[in-house]
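Here is a short briefing for a reader who is meeting this structure for the first time. Please look through the sequence and the model before reading on.

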Amino acid sequence: MPKLSVTVITRNEADNIAAALESVAWADEILVVDSESTDETVTIARRYTSRVSVREWPGYGAQKNHAAAMAEHDWILSLDADERVTPELAAEIQAVLAGPPGAAGYRILA
């Protein structure tokens, strides 16, 4: 079964990051790329993963791409700190990964 990396880019997301990371605790890898937060975002993120990187903000696309480049697995879920993966969505993602890929990528619509 393919493995899943979850990437989250942050800046001053102390109020959101724990719930976001808890919602993807089942993933094979979690990476957080922080843009020099001045709150407790990095400290909180490190409770959930050792893969926390802090770097200057180069722009939204560049930061997302940097996080994806750090991922060790081919399948990547890019999550925002204010988003949550529901148990139903987690089960659907895991079911997709358990079978042969039906697509080269997927988009999650609310």
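Which strands does helix H3 lie across, and at about what angle does H3 run to E2? In this predicted model, H3 lies across E1, strand E2 (29-34), E3 and E4, and the angle at which H3 runs to E2 is about 145 degrees.

- Four strands form an open sheet in the order E3-E2-E1-E4, and their pairing is parallel.
- The edges of the sheet are taken by strand E3 (52-54) and E4, each of which has a single partner strand, so one side of each is left without a neighbour in the sheet.
- On average, and with direction ignored, neighbouring strands of this sheet are turned by 20 degrees against each other.
- The parallel pairing of E1 with E4 runs over six bridges, and Ile9 has Asp80, in E4, as its bridge partner.

**Salt bridges**

- The count of salt bridges in the model comes to three, and one of them joins Glu29 to Arg51, whose closest N and O atoms are 2.3 Å apart.
- Because Glu29 lies in strand E2 while Arg51 lies in the loop between helix H2 (41-45) and E3, this pair ties together parts that are 22 residues apart in sequence.

**The largest pocket**

- The largest pocket holds about 750 Å³ of space, and among the 25 residues that line this pocket, Leu77, Ile93, Tyr106, Arg107 and Ile108 are the closest to its centre.
- Two or more residues of the lining come from each of strand E1 (4-10), helix H3 (60-70), strand E4 (75-80) and helix H4 (87-98).
- E4, which also stands at an edge of the sheet, gives the most to the lining of the largest pocket, with six residues.
- Sorted by class, the lining of the largest pocket consists of 16 nonpolar, three polar and six charged residues.

**The largest cavity**

- The structure holds one cavity of 30 Å³ or more, and the volume of the largest cavity is about 30 Å³.
- The residues that line the largest cavity are Pro2, Trp75, Val96, Leu97, Gly99, Pro100 and Pro101.
- By class, the lining of the largest cavity divides into six nonpolar residues and one polar residue, with no charged residue, whereas the lining of the largest pocket includes six charged residues.

Note on methods
Residues numbered from 1 in each chain as written. Predicted model: local features only at pLDDT ≥ 70, side-chain atom pairs only at ≥ 80, totals over all residues. Heavy atoms only, no water. 1 Å grid on protein atoms, 1.4 Å probe; cavity = no way out; pocket = protein on both sides within 12 Å on 5 of 7 lines; lining within 4 Å. Points joined across faces, edges and corners; volume = space filled by probe spheres on them. Nonpolar A, V, L, I, M, F, W, Y, C, P; charged D, E, K, R; others polar. Pairing = 2+ DSSP bridges. Axes fitted to C-alpha atoms, helices over the stretch in contact; angles between N-to-C directions. Contact = heavy atoms within 4.5 Å. Salt bridge = Lys/Arg side-chain N within 4 Å of Asp/Glu carboxyl O.
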